[in-house]
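Hi there,

Here is the structure I promised to pass on to you. Have a look at it first, and then read on for what turned up.

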Amino acid sequence: MITMIIGEIANFVAYIYAPAVLVTPLGALSIIVSAVLAHFLLKERLQKMGVVGCLSCIVGSVIIVIHAPQEHTPDSVEEIWDLATQPAFLVYIAAIASLVLALMLYFEPRYGHVNILVYLGICSLMGSLTVMSIKAIGIAIRLTLEGISQVAYPQTWLFVTVAVVCVITQLNYLNKALDTFNAALVSPVYYAMFTTLTIIASAIMFKDWSGQNASTIVSELCGFITVLSGTIILHSTREQQPVSSQGSVAWYISGDSMKSIEEHLITISNSHYTEE
């Protein structure tokens, strides 16, 4: 728990000093560390394709770092607010709000328990706004510590409110997804959707790709696709827990003949015996 808290604080600081198009894809490195630690500490076998997935994540991360855009740090919360209220980002916010409401009110009651994209769509859409708000809050904290207080600005507290609402919503639906679907499927799909939407939101709001040529942008996208591919490979090759087979009841007749039938299977759940 302590190391997780330290990691999240470091991730928060990273968003202050680096563009989201660089920080968010590099989150896949935590998957590599987890896989390696699980291999040595938990004795989980890392298969050959899992090693290939790890190498793909590393290669893609290196490509992203090499071609990452330079970060332009705003000088005040008011400047961040101007970026957040530009027409292009307002259109993005309206689209996000519309999609989230549609998923919550229409698609979740009907398809939430059968389609993984419903829950993870809500998480990823809200998550992109979470990152933008967290980045604004981090910059406000840094400026305040440098002696330029941002506490009195109402925009600071608006960003805090948006971040809290988005984080709560995001965690709620992520837990629903994990309760309903296999974690080995949830993790790569969520990573792909969340990272893609965050990159789009950051590119619109902070204009991360402004001033970069087409070849550099394509290289960054190729690096992201490589990381994404490695993540999918790594999760798809995880060892599955062995599923216990159903038992059978054997009846012996006349001492030398046997009749095996499947009947009266007993399921033990929550200390209750249910006869099927």
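Let me start with the salt bridges: the count comes to two, where a salt bridge is a side-chain nitrogen of Lys or Arg within 4 Å of a carboxyl oxygen of Asp or Glu. Before the details, please keep in mind that this is a predicted model, in which local features need pLDDT of at least 70 and side-chain atom pairs count only at pLDDT 80 or more, while totals for chains, interfaces and linings use all residues. Residues are numbered from 1 along each chain as its sequence is written, and side-chain values use heavy atoms, with hydrogens and water left out.

One of the bridges joins the side chains of Glu108 and Lys176, at 3.1 Å from N to O. This pair ties together distant parts of the chain, since Glu108 sits in helix 6 and Lys176 in helix 8, 68 residues apart. (Helices are DSSP runs of H or I with at least four residues, numbered from the N terminus.) Glu108 counts as buried because its relative accessibility is 16%, whereas Lys176, at 29%, is partly exposed; buried means under 20% relative accessible area, exposed over 50%, and partly exposed in between, with a 1.4 Å probe and protein chains only.

Arg142 and Glu146 form a salt bridge too, their closest N and O atoms being 3.0 Å apart. Here Arg142 is buried, with a relative accessible area of 14%, while Glu146 is exposed at 51%.

Next, the spaces inside. The search ran on a 1 Å grid over the protein atoms alone: a cavity is a set of points where a 1.4 Å probe fits but cannot get out, a pocket is an open set with protein on both sides within 12 Å along at least five of seven lines, and lining residues have an atom within 4 Å of a point. Points are joined across faces, edges and corners, and a volume is the space filled by probe spheres set on them.

The second largest pocket holds about 210 Å³. It is lined by 14 residues, of which Phe89, Ile93, Ser133, Phe159 and Val162 are the closest to its centre. Helix 5 (77–84), helix 6 (87–111), helix 7 (116–145) and helix 8 (154–180) each give two or more residues to this lining, and helix 8 gives the most, with four. By type, the lining has 12 nonpolar residues, two polar and no charged.

Finally, a look at Thr198 in helix 9. Thr198 is buried, with a relative accessible area of 0%. Leaving aside residues up to four places away in sequence, Thr198 touches Ala20, Thr24, Gly127, Ser128, Val131 and Met132, contact meaning heavy atoms within 4.5 Å.

Best wishes

Terms used: Nonpolar A, V, L, I, M, F, W, Y, C, P; charged D, E, K, R; others polar.
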